[in-house]
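Have the sequence and the structure at hand as you read.

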Amino acid sequence: MEIFRYFKQIYGGKNALANHISLFSLTGIWAILFIKYTASWGNLLFYDKFYISVPSSNTELWAYLFFGMLLLIYFVGYGVNVVNSVMNNKENGLPNLTLQSFTDFVKILPMALYWIIFYLLIFAGGVFALLKLNNPGFIYIFSSVMFCIIPFILILLTQYAKDFEFRKEFFNLFSVFRILEKVLGDVIFLSIGTFVLAVIPFFAIYKILTYPVGDEALILNLVIKLGTLCFGCYLSLIFNYLYLTGLADISKKQLK
């Protein structure tokens, strides 16, 4: 399966170990910032056995939010960097982690915002129109179709990310349907392969996070579950980059 080649590509390259250690560290920091920030909500997102103290001041709270958002921007920009590397036939493996990711985020932002707004307007307009028909079945079908279109919009964005040059076809809704017509089967196989590959590790992470532990092992429980959550965030990021690598490879081969 192609998915295993993409997986090998993600973990290949000269600086693979350093890149993955750096990514794991950054995602671990993001996970801790996220938990610290959400603790201010009364720990709504986590159960009582998995809790980190509430920020002591608004300044501390906003600092967690600011640096958490900064890391999210970096992760998105790094994903764009990954796509650019695949589209331009650069060396295998993840690109080195540099400040270039912030630049790539800024470059992709106008096109991404255009499609996000366009997509949301179509989705909201379609749901509003179908609500008038008072038929939940049509809404479900329409929502499913809109969800399935997302990978093909991402493929269009991978084409833009190759050289970051604006072209008319990048703003045309029919370009998405032309892409769908050419690569539907490849995207289906990639999506199924990614899902199958992700099921076992994420199921194991879920079981560890929800495993009941008595109060006598509370500290050990916190350490294990915090480490598991950090690893889960890292793995989520890797599977996102894996999927983007696959979409970029499909784009490069099938849409010349």
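Is Ile-208 buried, partly exposed or exposed? With a relative accessible area of 37%, Ile-208 is partly exposed, where buried means under 20% relative accessible area, exposed means over 50% and partly exposed lies in between (1.4 Å probe, protein chains only). Ile-208 sits in helix α6. Its C-alpha atom is separated by 6.9 Å from that of Lys-225, 17 residues apart along the chain.

Before going further, a word on the ground rules. This is a predicted model, in which local features need pLDDT of at least 70 and side-chain atom pairs count only at pLDDT 80 or more, while totals for chains, interfaces and linings use all residues. Residues are numbered from 1 along each chain as its sequence is written, and side-chain values use heavy atoms, with hydrogens and water left out.

Now step back to the whole chain. The protein chain has seven helices and zero strands, with helices (H or I, at least four residues) and strands (E, at least two) taken as DSSP runs numbered from the N terminus. Read from the N terminus, the order of elements is α-α-α-α-α-α-α. Of the 256 residues in the protein chain, 41% are buried.

What holds the middle of the picture is a nonpolar core, meaning a set of buried Ala, Val, Leu, Ile, Met, Phe, Trp, Tyr and Cys residues joined through side-chain atoms within 4.5 Å. The largest such core has 60 residues, and Leu-23, Ile-155, Val-183 and Val-187 have the most contacts inside it. Two or more residues come from each of α1 (2–10), α2 (16–38), α3 (58–87), α4, α5, α6 (173–210) and α7. The helix that gives the most to this core is α7, with 15 residues.

Next, look at one pair of helices. Helix α4 (residues 100–133) and helix α5 (residues 136–163) have axes that come within 11 Å and cross at roughly 165°; axes are lines fitted to C-alpha atoms, for helices over the stretch in contact, and angles run from 0 to 180 degrees between N-to-C directions. The two helices are therefore roughly antiparallel to each other, a label for angles over 145 degrees. In their contact, 22 residues are nonpolar, two are polar and one is charged. Here Ala, Val, Leu, Ile, Met, Phe, Trp, Tyr, Cys and Pro count as nonpolar, Asp, Glu, Lys and Arg as charged, and the others, Gly among them, as polar.

Finally, turn to the charged side chains. Side chains of opposite charge can pair when their charged atoms come close. A salt bridge is a side-chain nitrogen of Lys or Arg within 4 Å of a carboxyl oxygen of Asp or Glu, and by this rule there are five. One of them joins Asp-163 to Arg-167, with the closest N and O atoms 3.6 Å apart. Asp-163 is partly exposed at 35% relative accessibility, and Arg-167 is partly exposed at 31%.

In helix α7 (residues 218–254), Asp-249 and Lys-252 lie three residues apart, about one turn of the helix, and their side chains meet in a salt bridge (4.0 Å, N to O). Asp-249 also meets Lys-253 in a salt bridge (3.3 Å, N to O); these two are four residues apart in α7, so about one helical turn separates them. Asp-249 is buried, with a relative accessible area of 5%, whereas Lys-252 is partly exposed at 23% and Lys-253 is partly exposed at 42%.

Technical notes:
Angles under 35 degrees count as roughly parallel, over 145 as roughly antiparallel, 65 to 115 as roughly perpendicular and the rest as oblique.
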